[in-house]
Amino acid sequence: MPSKRPRKRRPTRKRHAARKRRRGRKRGPARARRGGWLRRHPWWSLAAAGLVLFAAYLLFLNWQITSRFEGRRWDLPARVYSRPLELYAGLDLRPADLELELRRLGYRVVAGPPDRPGTYRRRGRVFELITREFRFWDERQPPVPVALSFGPGGIASLTVPPGRPPVVRLDPLLVGSIFPSHGEDRLVVAPAQVPSLLRDGLVVVEDRRFYEHAGVDPRSLARAAWTNLRAGEVAQGGSTLTQQLVKNYFLDNRRTLTRKLREALMAFILEWHYDKADILNAYVNEIYLGQDGQRAIHGFGLASQFHFSRPLAELELHELALLIALVRGPAWYDPLRHPERARARRDLVLTLMEEGGVINGAAAGSARRRDLDTWDRAAAGASYYPAYLALVRRELASQYRSQDLSREGLRIFTALDPLAQASAERRLAEGLDELDRRRDAAPLAGAVVVTAPRSGDVLALVGDRRAGYEGFNRALEARRPVGSLIKPVVYLAALESGRYTLASRIDDAPIRVPLPNGTVWEPGNFSEETSGQVTLLRALAESLNLATVRLGLDVGVGAVTELLARLGFDDTPEPLPSLLLGAVEMTPLTVARVYGTLANDGFRVPLKAVRSVVNAEGVPLTRFPIEISQAADPADVYQLNQGLVTAMQRGTGRSAELPFAVAGKTGTSDDFRDSWFAGFSGDRLAVVWIGHDDFSPTGLSGSSGALPIWSRIMRDTARQSFGPPRPARLVPQRVDYYSGAGVGRGCDSGVELALPAGAEPVRRGGCTGRAGIAERTLEWLNDVLN
Amino acid sequence: MAERRLELISGLLLLQAGLLAGCGVLPTTGEVTPQTPSEDYRTVATEHRDRVMNPATASLLEQGRALRRAGRPDQAAVTLERALRIDPNEPEIWLELAELRYAAADWPEAEQFARRARSLAPADSPVRSNAVALIADALDRQGRQLEAERLREQGV
């Protein structure tokens, strides 16, 4: 209002002058006029203003609710799948592992022969099952009936219907989703996939008059109010399904009158615009049904996967009833934490469904007798893999915007092997617990990477000892000094130079290295002893520092960094002599990449988590094919790997004691701050890192910390001995482990090595058998005493 | 120095060493028994030559070839990669993937895949000579005739 109220019957001239004075406040006189009207009809004008405001508010609500319902429908988080398990005769798999996989996929055990997709029967070592239909990147695989029997070496026989190839893919496991930062995760189901029992059950339990009311049900509101009044507290909600849907849209749990009113208005608007089927379908996909860490479980599609690990369409009556029971209080009725409460509520739902005529008494009775049957997530390992998903996100970041990933309903097929992942998680947690019990210090941190080196598949990734913990992902983020893990690169550089073979000798004696900054670097051996003239084989297997530094300086630190880059290290470290002993930082994933090139005989195969991406309709979008490029001569790498196999047999890795051949290397950084082990069999590569986040010493070497964990993971996941075919230009020869001289079969300390055809081993030194025994005894005593 | 000290101790410890070696606690050297990992490692060359392709691999390989002939290279590649994940040491699959890249005029990739096939193929096997021929062809296509000639002459 103007500060000076205009007087009535002002002379015209004066009024004109006043208008002039109020230039810039052009509306003054109009307001004055309206002000007059206002004064005469205060109530009417108030009502009119109120009406205008209310209309505006309604329009706003209308915009809010329709844009929510229409425009957004739902953000569809990308669904992430594991690798499909390929079943075929000859697959080295344990019956228990197949059963675990089937359970995690939610396959139902049946007593008779399996009769529909997603069911199986096990009789000892014989399994019969019918796979679920699944649309893979390349084809839609129909349900396939499979019979298979296990022998001592895995699946001995596999029977499929005539005309089908003798290899069948199980449907992949849904291992996670890339949901937006607000944490809402959902798996949207089409109306056709929603069982009618669920729809009818929701109506009789939550909103009996759903098909009659117009969004708000005064009768049930009155009934609820009456009940609450008598109970003296809010015991019953009179909300309709439509109101509940609105409430879920805006996630506001305050029980205020204005919120209730807004909810009611929005419910009216929703009913005005859309029919009941649309609203019910939205409800089924929208409603909040549980919490999994940061992830909010929305919709019955995801709740079905979350609680039963199977599609909604496959649920039985008692399972559907449990999901309906959850609507009232997902945390309160959480079947894992409060099974009794959940069961009571489920049975009540069944009774209401019976009373409502949705099911008959017999069906209700038999469903009431069933257990909750929820999938035991805890027993099967984590159901959600944040560390692995971080790698998936990172790989897709260059091709997909983050909103595409969290909204477009993409399906992402990955290489994640749930069995390997479960092993890596469990072995790391157990191993660290064990180490913590023996030490009186802060709890250790750790990380694991498991890959299939030939294809470059990242099978498992653990970034924290607590599985499923979404925090610092050490497998991807922790850049730590690698210590002796670098040594194979130094030796390979030496072999590449052509001046050395694995049988060549080098001096393991004190060395002083003047540095550019004027200081002198004097490295020492781990054992604080020197060994004199040693073979490259022994120096590598026993991880002798002084011999390695001498060798590295001879071939040049530059040659080592150049080779490191070829092998897959994506950083350019300064070529300082200390690099020869591992003063270079890498993440566990980077170590897996570099060692992968060694495992692949010198061929570099980029590591990948994602295999392909399809859109919500299953149309292929992107594929990430296997790539390969030769980084080093297979003959040089073959020679080197003999050293890494020897390290496992008689060197720093000998305590692994695996029943198949492996190649590997320990790594220990200065002051025992990092304990590493990296190594591979014929089919698996694993890297284990242990340390403290604050870089404080752990007191653990590579072999006392990381090795036992590595060895257990390899025992669980690897099946093939490491044994590449010998390149033609290498010839097997028998040489002395200590002197490198050519020896006969009688020499105790002789080892068979494939060496370049032209390179004759030296004659000097001969067989050192006796000294060998003495030394090994000393080593053994050391082992026992330590 | 250390070696001399070791020699001194060796006399004292010889008895225990003998006993312990008998118990199999010490790392074994000398004559290797068939159970030791080193034996696995060394015999692989022959083992490789004798290997029989898994029926699953064979079926997927055949399927992959059929898809390539049918002009569906993407499907063929996916099928061959399935085979590869089942049997990653089978040179024929790598060679087939190389053929696929070659057909797509991706010479550098064809060369790399063929090199991988060669590295896994047993000496004197047809897969190996096919791989060598394909590497040479791919080199030719990349304008590296000299390398291709040399490779054809060496024939390995």
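Arg186(A) is buried, with a relative accessible area of 4%. Buried here means under 20% relative accessible area, exposed means over 50%, and partly exposed is in between, using a 1.4 Å probe and protein chains only. I start with this residue and its partner, then move to other charged pairs and to the cores.

First, a word on the source. This is a predicted model, in which local features need pLDDT of at least 70 and side-chain atom pairs count only at pLDDT 80 or more, while totals for chains, interfaces and linings use all residues. Residues are numbered from 1 along each chain as its sequence is written, chains are lettered from A in the order in which they are written, and side-chain values use heavy atoms, with hydrogens and water left out.

Back to Arg186(A). Its side chain meets that of Glu286(A) in a salt bridge, at 3.3 Å from N to O. Glu286(A) lies in helix 9 (residues 276-286) of chain A and Arg186(A) in strand 12 (residues 184-186) of chain A, so the pair ties together parts that are 100 residues apart in sequence. Helices (H or I, at least four residues) and strands (E, at least two) are DSSP runs, numbered from the N terminus. Glu286(A) is buried too, with a relative accessible area of 0%. A salt bridge is a side-chain nitrogen of Lys or Arg within 4 Å of a carboxyl oxygen of Asp or Glu. The structure holds 73 of them over all chains.

Another joins Arg83(A) and Glu101(A), at 3.0 Å from N to O. Arg83(A) sits in the loop between strand 1 (78-81) and strand 2 (86-88) of chain A, and Glu101(A) in helix 4 (residues 95-104) of chain A, 18 residues apart. Both residues, Arg83(A) and Glu101(A), are buried.

Now the pair Glu354(A) and Arg368(A), whose side chains meet at 3.4 Å, N to O, in a salt bridge. Glu354(A) is partly exposed at 29% relative accessible area, and Arg368(A) is partly exposed at 25%.

Next, the cores. A nonpolar core is a set of buried Ala, Val, Leu, Ile, Met, Phe, Trp, Tyr and Cys residues joined through side-chain atoms within 4.5 Å. The largest one has 159 residues, and Leu98(A) and Ile412(A) have the most contacts inside it. Helix 7 (residues 126-141) of chain B gives the most to this core, with 8 residues. A second, separate core of 56 residues includes Val204(A), Ile279(A), Leu322(A) and Ala342(A).
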